[in-house]
Amino acid sequence: MFKSSYTVEVGYNSPHRDKQTKVKATKVDIHPRYIIDNKTDDKYDIAVLTFPTITFGAGVQQIPVDSGQLEPHQPLLAVGWGTTEEGNGMTNSLKRANIKVGEPSACKGAIGGFDDSNEQQVCAQKSLTPGKNICSGDSGSGVFINRNGKQYLLGIASLGINGGGETCDGANAISVFVHVISHLDFVVESSALTREYLLDKKANDKGDDQSQPGNKCDDSPPPAN
């Protein structure tokens, strides 16, 4: 169910909730093609929330949208507040997991209408990083890519596809992220932001193979950009 307004916590969420700043969205724009004739299309599972001015600092920073090309097995960094195992409760601190872009053949077999991860959806294949995956409650969280030592926002967690077990635990599970760059026009139209502000032109056509720090059981905050 969608709401007309959302309140979010801004900043890294330590176990002490009182350290966080709560900010209420002034506008919520859901992609107009996400729901048509009462049916949802996961390729458009994205919304833009507009907030009053947020002060950037050590725990709150801008991150550019990635515009580079993706290849199978590229390392990614997923973060989220979801469970660490299917059936467990939500975590009280931000978790992260090193995952990888999936092979097109495996992704096509699991995702209807999927071509490759350079289009509207990015596919991550759990068998490439055993034991590491997004899980229940991570929907809406980000996945990032490291290009020459700098983090870029690549996608938004959308859904998990069962791979021979529960969604999180199946050895062949597939995680699907909405590819933000493919919806940049929608983001620009729904916000007061420009393409120049959202993008960093220094992104390479291909990402480097630098590994991402941390894993889903690491309570430390993501590295500063």
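1. The model is predicted, so local features need pLDDT of at least 70 and side-chain atom pairs count only at pLDDT 80 or more, while totals for chains, interfaces and linings use all residues. Residues are numbered from 1 along each chain as its sequence is written, and side-chain values use heavy atoms, leaving out hydrogens and water.

2. The chain holds three helices and 12 strands (DSSP runs numbered from the N terminus: helices H or I, at least four residues; strands E, at least two). Of its 225 residues, 41% are buried.

3. Five salt bridges are found in the whole structure, each being a side-chain nitrogen of Lys or Arg within 4 Å of a carboxyl oxygen of Asp or Glu. One of them joins Asp 66 to Arg 147, with the closest N and O atoms 2.4 Å apart. Because Asp 66 sits in the loop between β6 (47-50) and β7 (75-80) and Arg 147 in strand β10 (residues 142-147), this pair ties together parts 81 residues apart in sequence.

4. Another salt bridge links Asp 115 and Lys 108 at 3.8 Å, N to O. Asp 115 is partly exposed at 35% relative accessible area, and Lys 108 is likewise partly exposed, at 44%.

5. Ser 105 lies in helix α1 (residues 104-110) and is exposed, at 60% relative accessibility. Its C-alpha atom is separated by 9.0 Å from that of Asp 115, 10 residues away along the chain.

Note on methods: Buried < 20%, exposed > 50% of the residue type's maximum accessible area, 1.4 Å probe, protein only.
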